[in-house]
Amino acid sequence: MFLFRFCEWLAATPGSIALHESRYVYLIVLTVHVMTLCLFVGTAVMVDLRLLGLTLQSVRVSEVVTRLLPWTSAGFVLTIISGTLLFYAAPLLRYENIFFRAKMAALVLAGVNVWAFHNTVYRRVAEWDLDPIPPRAARVTGGFALVLWALIITLGRLIPYQVYWFN
Amino acid sequence: MLDFFHWLQYSRLLITMRSSSWIFPVIASIHLMGLALLGGAVLVVDLRLLGLGLRRQPVAQIARDAERWLFVSLAVLLPTGLLQFMCFAATKYYYLTAFWLKMAALSLALVFTFAIRRKVVMADETLMSPVRNKLVAVVSLSLWSTVAVAGRLIGLP
């Protein structure tokens, strides 16, 4: 209920109304969201594929992670900013959207997965840095991440379809 | 051309596809996943060419590893893109500048990637020039960005 009240308040702010009714700004933000998604998920997927032993097998895992992570992080920050603006444009519509809610849940899971990876198996990366196929725990987090990225993209793409399917 | 688009859109397969309310969004989602993968496969090589991503490995080695995933992403993107196009070929896409722009940029991007960029990245490391490498990366990123932006514009009201 608190969240609903908050969204109600947010939707009534001038910025939200302006963004909602803008002709071009909203569309630009939407395009930026998709472009930065490519940077964020694209580079993350290459790291995950390395963790699964499916690409860049001869490159050290730690090197793939450290050299690509700044790009993944930059992409992540920009995707979150543009995503927040998309939410800000229609807080109540997003709040009641089942795909949006599921997407947020999947995002939290993806965050937990990344956190778990960095705090468990990646701590001992020196032991398996050069393995063409990393140990099971790394492969599991890599595989989990790929599934979650796919889920997040699908749920995000389905957000506008709630109206056609359920209402 | 319009007749051909008309024939595509009103073929039996496409009429069946359009009568389902979920096939189009699901295909669009898979298309978007393919785009993210393409982004990764293109970026990992272009960042290397720019000296901003992986730095210590030979360009050709990274390019060979990434190319496999570039092919996978294209194998996802092209059929799902074609199906989305066929759904509304004659009533929507034919009239959209963004669609024709995307097709032009996509053709250029494919030709550039497999005819020019491929030759440059697979070349002997000693024959590479940093300036040319950077130029190739910038052209590649610009072309693929145009494809993605124009693609996003197709979906707008």
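Two residues are taken to be in contact if their C-beta atoms, placed from the backbone, lie within 7 Å. The structure is a predicted model, in which local features need pLDDT of at least 70 and side-chain atom pairs count only at pLDDT 80 or more, while totals for chains, interfaces and linings use all residues. Residues are numbered from 1 along each chain as its sequence is written, and chains are lettered from A in the order in which they are written.

Between the two chains, 28 residues of chain B are in contact with 32 residues of chain A. Helices here are DSSP runs (H or I, at least four residues), numbered from the N terminus. On the side of chain B that touches chain A, helix H3 (23-50), helix H4 (59-87) and helix H6 (130-154) of chain B each supply at least two residues, and H3(B) gives the most, with 13 residues. That side of chain B comprises 16 nonpolar, eight polar and four charged residues, where Ala, Val, Leu, Ile, Met, Phe, Trp, Tyr, Cys and Pro count as nonpolar, Asp, Glu, Lys and Arg as charged, and the others, Gly among them, as polar.

Two helix pairs are set out below, with axes that are lines fitted to C-alpha atoms over the stretch in contact, and angles that run from 0 to 180 degrees between N-to-C directions.

| Helix pair | Angle | Axis distance |
|---|---|---|
| H6(A) and H8(A) | about 160 degrees | 9 Å |
| H3(A) and H6(B) | about 140 degrees | 10 Å |

Angles under 35 degrees count as roughly parallel, over 145 as roughly antiparallel, 65 to 115 as roughly perpendicular and the rest as oblique. H6(A) is therefore roughly antiparallel to H8(A), whereas H3(A) is oblique to H6(B). A crossing is left-handed if the near helix is turned anticlockwise from the far one by less than a right angle, and right-handed if clockwise; the crossing of H6(A) and H8(A) is left-handed, and that of H3(A) and H6(B) is right-handed. The contact of H6(A) with H8(A) divides into 15 nonpolar, three polar and one charged residues. Between the chains, A:Leu30, A:Thr31, A:Val34, A:Met35 and A:Cys38 of H3(A) meet B:Ser145, B:Ala148, B:Val149 and B:Arg152 of H6(B).

A:Ile159 lies in the loop between helix H8 (136-158) and helix H9 (162-166) of chain A. Is A:Ile159 buried or exposed? A:Ile159 is buried, because 20 other C-beta atoms lie within 10 Å, and the cut-off for buried is 20 or more, with 12 or fewer for exposed and partly exposed in between. Leaving aside neighbours within four places in sequence, A:Ile159 is in contact with A:Asn97, A:Phe99 and A:Phe100.
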